Amino acid sequence: MIYRKFGSTNAHISAIGLGGHHLGDLPTLDEAVQLIHEAIDAGITFFDNAWEYYNGKTETILGRALRDGRREKVFLMTKVCTHGRSAKLAMQMLEDSLRRYQTDHLDLWQIHGIVYDNDPELAYAQGGVLEAFDQAKKEGKVRFVGFTGHKDPAFHLKMLELGYPFDSVQMPLNPFDANYHSFEKQVLPEVNRRGMAALGMKSMGGTAWGIKAGVVKAEEMLRYAMSLPVATTICGMDSLDVLHQNLGVVSSFQPMTETEMAALRARCAPTAADGRFEPYKVSLRYDNPMTRMPHGFPFDHTQREVTEMLANADGPWLVPETTPETSRR
């Protein structure tokens, strides 16, 4: 395994991370736990997740897998899902996440889904989620904090411009991104300039449609993403075969040359400009439903996760509270 520095901190993390959402896609708990155990045994230390994935199911799965001393072997992350609501709700969500993980602290806590143009203002509002960040760090429940999103680089840049000292920023990075609403070109340089840890996600485009269409190979996509100046590349892995495939890329990894990267970007360019292989940038279907509810936006009732959310979720999903839109700093 390759390990890289987590921004300007003294922490180091594995060069690939295990994506949390796909843990909910495995057929059984035992299969999900086996996947996590094999990942840890192979040296993967960075584990992604979010409070809202499958109504908390994926956090519960990861917590079960980290028993018996494995918690100490990983850099444990989850995302808080207030989506514009209050610091009080954020702290309630943190307690939920810690309980599901069966731990007393997170290594990284990130804001989930900065995907609408008013999300930065809501995050910075008086009584908003950034106040929960300060409280959680003061109480020793969180080591580092950051934010995530996959929609528009402008929203990430606004989060940075408003000045909070984040430790990390998570964003989609792949050769299609380089040609359309590019986080690689706009956000990644600024994150690195500020000494924050750049966390890459959606190296396969989120759906692997570009791979299925024959435009690129999976190994090319992962190698490209890992060749960028990032601390880790988070990969969705829904089977042991995918885990082993990704580990194979890591074990023989040599960074792409700039010539190789430019050639891959050029090959992707003709199909990149309409977002067809990055649907999370353009489609309602790839917005997590909880990002939309506090804004009063509609969502896709045919999506399985939406159906489960409305049928099974408890109070925090449906709390109508909002955060005053007044400047925090």
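Mentor: On a 1 Å grid over the protein atoms alone, a cavity is a set of points where a 1.4 Å probe fits but cannot get out, and lining residues have an atom within 4 Å of a point. Grid points are joined across faces, edges and corners, and a volume is the space filled by probe spheres set on the points. This is a predicted model, in which local features need pLDDT of at least 70 and side-chain atom pairs count only at pLDDT 80 or more, whereas totals for chains, interfaces and linings use all residues. Residues are numbered from 1 along each chain as its sequence is written, and side-chain values use heavy atoms, with hydrogens and water left out.

Trainee: How many cavities of 30 Å³ or more does a search of the whole structure find?

Mentor: The search returns one. The largest cavity holds about 70 Å³ of space.

Trainee: Which residues line the largest cavity?

Mentor: Its lining includes Thr82, His83, Ile111, His112, Asp119 and Val129. For the classes, Ala, Val, Leu, Ile, Met, Phe, Trp, Tyr, Cys and Pro count as nonpolar, Asp, Glu, Lys and Arg as charged, and the others, Gly among them, as polar. The lining divides into five nonpolar, five polar and one charged. Helices (H or I, at least four residues) and strands (E, at least two) are DSSP runs, numbered from the N terminus. Helix H4 (residues 119-124) gives the most to this lining, with three residues.

Trainee: Which residues have the most contacts inside the largest nonpolar core?

Mentor: Such a core is a set of buried Ala, Val, Leu, Ile, Met, Phe, Trp, Tyr and Cys residues joined through side-chain atoms within 4.5 Å; buried means under 20% relative accessible area (1.4 Å probe, protein chains only). Here the largest core has 87 residues, and Trp109, Ile111, Phe133 and Phe166 have the most contacts inside it. Helix H3 (residues 87-101) supplies the largest share of this core, eight residues. Apart from it lies another core of 13 residues, among them Phe75, Ala197, Met201 and Ile234.

Trainee: Which way do the residues of strand E10 point?

Mentor: From strand E10 (residues 232-235), Thr232 and Ile234 point one way and Thr233 and Cys235 the other way, and all are buried. Two strands pair if DSSP finds at least two bridges between them. Strand E3 (residues 16-18) pairs with E10 in the parallel sense over three bridges, with Leu18 opposite Cys235. Strand E9 (residues 197-201) also pairs with E10 in the parallel sense, over two bridges, and Leu199 stands opposite Thr232.

Notes: 1 Å grid on protein atoms, 1.4 Å probe; cavity = no way out; pocket = protein on both sides within 12 Å on 5 of 7 lines; lining within 4 Å. Buried < 20%, exposed > 50% of the residue type's maximum accessible area, 1.4 Å probe, protein only.
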